[in-house]
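Please examine the sequence and the model shown below before reading on. The paragraphs after them are written for a reader new to this structure.

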Amino acid sequence: MNIIEFRDFWWKYESSTDWILRGVNLEVEEGEFLAVTGPSGSGKTTLCQCLNGIIPHSRPGVIKGEVYVSGIRVRDSNVPQLCEHVGMMFQDPESQFIGMSVEEEVVFGPENLGLSREEIERRMLWALKVVGMEDMLDKAPYELSGGQKQRVAIASALVMLPKILVLDEPTSELDPIGKSEVFSIVSELRRDRKMTIVMVEHETEEVAKYADRVVLLREGTITASGSTQDFLSDVEGLKDTGVELPQVTRFAHLLAQDGLILGKLPITLEDARDRIIQILQNGKNRAVRS
């Protein structure tokens, strides 16, 4: 069942002469982890903002085609209604912080839904526990590390209990440990809450481990799409697209040119290890037979 649908969708801002999104057709199944990649200025953030109604309801522009989220026609809804279905995390979490403490930040959304104090507290404690920030209630956002800010931003989205979590380059400002933490949390949410994940991300090393599918957006158009394995192992097809492939895939591609690796290229270290063990075992078997 599709939980997100773009149907021949076009969008340009009122002040723009060119289309930002051009004829986008995209379906995302419920519970799927979709990664969106592409060069800067290709329309990735715009695509995300179509899912929670910022576009077209908060940004004037010209629209053609349709976007549906959880069966709701986005242009017929509004941002508050869509926020009950879609949680959004922006590239810079500080840009969406409005509270003076972690607690104020996380309870803001459910307070605006008019929920009871007991329900708000229950949701807040649950969301902060999920991201490992339950002991930081009184901390001010400026006191937090980059990774902690990202965690609070995720908790602020989770507390609304959305079916869909949209993350726009959530690891771009983080160190390797922080990046791994964010991906781990998102993966757990997808597994435990059956949440649909849409993530704009250039970090293909982590995408290779967690995403089900990857789409490439260039100049507002989806120019490539496929399972994560098929997409990231297509070294030749991704040339000159700006996609930085996992290091292990690039290394395996060199080995494949010498005939040492056949078939699809590995995209994770675990894949590469298994393939190398297989190559070594095949070499031993040939030596014994000879």
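Predicted model: local features only at pLDDT ≥ 70, side-chain atom pairs only at ≥ 80, totals over all residues.

Residues are numbered from 1 along each chain as its sequence is written, and side-chain values use heavy atoms, with hydrogens and water left out.

Helices (H or I, at least four residues) and strands (E, at least two) are DSSP runs numbered from the N terminus. Two strands pair if DSSP finds at least two bridges between them. An open sheet is formed by 4 strands in the order S2-S1-S4-S5, with antiparallel pairing. S2 and strand S5 (72–73) are at its edges and have a single partner strand each, so one side of each lacks a neighbour in the sheet. S1 and S2 run antiparallel and are joined by 6 bridges; Ile4 has Val28 in S2 as its bridge partner.

Strand S3 (residues 33–37) pairs in the parallel sense with strand S8 (residues 196–200) over 4 bridges, and Leu34 has Val198 in S8 as its bridge partner. S3 also pairs in the parallel sense with strand S9 (residues 213–218), over 4 bridges; here the bridge partner of Ala35 is Val214. Buried means under 20% relative accessible area, exposed over 50%, and partly exposed in between (1.4 Å probe, protein chains only). Because 5 of the 5 residues of S3 are buried, this strand is largely enclosed by the rest of the structure. In a regular strand the side chains alternate between the two faces of the sheet. From S3, Phe33, Ala35 and Thr37 point one way, whereas Leu34 and Val36 point the other way.

Glu5 belongs to strand S1 (residues 2–13). Why does Glu5 count as buried? The reason is that its relative accessibility is 18%. Its side chain makes a polar contact with the side chain of Arg7 (3.0 Å); such a contact is a pair of N or O atoms within 3.5 Å, where, within protein, one must be able to donate a hydrogen and the other to accept it, and residues adjacent in sequence count only if both atoms are side-chain atoms. With neighbours within four places in sequence left aside, Glu5 is in contact (heavy atoms within 4.5 Å) with Leu26, Glu27, Glu66, Val67 and Tyr68.

On a 1 Å grid over the protein atoms alone, a cavity is a set of points where a 1.4 Å probe fits but cannot get out, a pocket is an open set with protein on both sides within 12 Å along at least five of seven lines, and lining residues have an atom within 4 Å of a point. Grid points are joined across faces, edges and corners, and a volume is the space filled by probe spheres set on the points. The structure has 2 cavities of 30 Å³ or more. The largest cavity holds about 40 Å³ of space, and S4 gives the largest share of its lining, 4 residues. Among the residues that line the largest cavity are Glu66 and Val67. The second largest cavity holds about 30 Å³, and residues including Ile4, Val28, Leu34 and Val198 line it.

The largest pocket contains about 590 Å³ of space. Of its 22 lining residues, Cys83, Met88, Phe108, Gly109 and Ser156 lie nearest the centre. Helix H4 (102–112) is among the elements that each supply at least two lining residues, and the largest share, 5 residues, comes from H4.
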